Amino acid sequence: MANRVQDYGMDVVINRKLNAKYEPEAEREVIGWINALVPGANIQPGRENVYYSLRSGIVLIQLMESVLNQTPSLTPEAQRIRRPIVYSTMSAPFKQMENIEVFLNCAMAYGVPKASLFQTVDLYEGRNMAQVLNTLLQLGTECQRHGMRGPVCGPRPTYKNARQFTAEQLRSSEGIISLQAGTNKCASQKGMSMGGQRHIADIRCDNMTPEGSAVIGLQMGTNKCASQAGMSIGGQRHIADIRCDQMTPEGSAVIGLQMGLGQKQGANQSGMSFGGIRHIADGRVSEGSKEGASVIGLQMGPGQGQVASQSGMTFGGQRHILDSH
């Protein structure tokens, strides 16, 4: 029961939104056209009056009959409509809905697009009366298209206007700047030209001039438009590999803080020295002796897990790490 109440509430909201599109001007145009073509229709203004006058479908079929009789050139589909169009005068709901369905089929055969037709329940239940008016206006537009002799309604029809261009005309359009390239309130582009193509390339940058080196551009940053008068950034700053000279004799006796001295303890460096520079060099190694040439050192691998003695072994001259001066 609760679901039924909820669904009913949703239907009411939807119908209210659809009927909010109901336009009195479109209603005035439609009922004036129907009253002119259907004798005795006499539909009064107001959404409820239009709804009850058209609900049975009889007035709509009579309107369609009058339109077919006053149209000299009918479409092949409209010519196949059997006339006079038979309708039911019974008050049974399904009979009235059948009358509405007959009108919709005749309107589509006359030329009204299927997307412009209203649904049967839109009229019979009054769900979307705005769409009912749109369908009747579209029917009036098709009457104008087919040259109906009599009053019409709705907007004027649009006609196909195909154009054929020669190859020369298509080629001449290549030199025209289209509006997609930019316009300002439909300003004329007469005489404008784009010129040659613009390439994105790596352009050689010259060195900064002396005048420009003293100017700080806005790209370098600004603080709420503060004045930069008098400011200078000086010359250019280059990052290069600078040659380091050898340490002086005076500096060789000083241990810098970078070498680490336990600064937290406040140790004094007075009197400390680390002597001269110590170079690692390859000293000359003499050739191995004949006795040592026949001996395999342990560095080359012991023999099958045996603990070989190194007593009496030699591997040639000694390699020294020298202190160069």
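These legends describe close-up views of a predicted model.

Residues are numbered from 1 along each chain as its sequence is written, and side-chain values use heavy atoms, with hydrogens and water left out. Because this is a predicted model, local features need pLDDT of at least 70 and side-chain atom pairs count only at pLDDT 80 or more, while totals for chains, interfaces and linings use all residues.

**View 1. The stacked pair of Phe-103 and Phe-118.** The ring centres of Phe-103 and Phe-118 lie 6.4 Å apart with planes at 25 degrees, so the pair is stacked (ring centres within 6.5 Å make a pair, and planes under 30 degrees apart count as stacked). Phe-103 belongs to helix α6 (residues 93-110), whereas Phe-118, 15 residues away, sits in the loop between α6 and α7 (120-124); helices here are DSSP runs of H or I with at least four residues, numbered from the N terminus. Both Phe-103 and Phe-118 are buried, that is, under 20% relative accessible area with a 1.4 Å probe, protein chains only.

**View 2. Arginines over tyrosine rings.** Arg-55 lies over the face of Tyr-124, at 4.5 Å from the ring centre, and the charged end of Arg-145 sits over the ring of Tyr-159, 5.7 Å from its centre. For Arg, this requires CZ within 6 Å of the ring centre and within 35 degrees of the ring normal.

**View 3. Helix α8 and the residue Gly-147.** Helix α8 covers residues 129-145, and 13 of its 17 residues are buried. Just after α8, Gly-147 takes a positive phi of about 70 degrees.

Terms used:
Phe/Tyr/Trp six-rings, centres within 6.5 Å; stacked < 30°, edge-to-face > 60°. Helix = DSSP H or I, 4+ residues; strand = E, 2+ residues; numbered from the N terminus. Buried < 20%, exposed > 50% of the residue type's maximum accessible area, 1.4 Å probe, protein only. Expected span 1.5 Å × (residues − 1).
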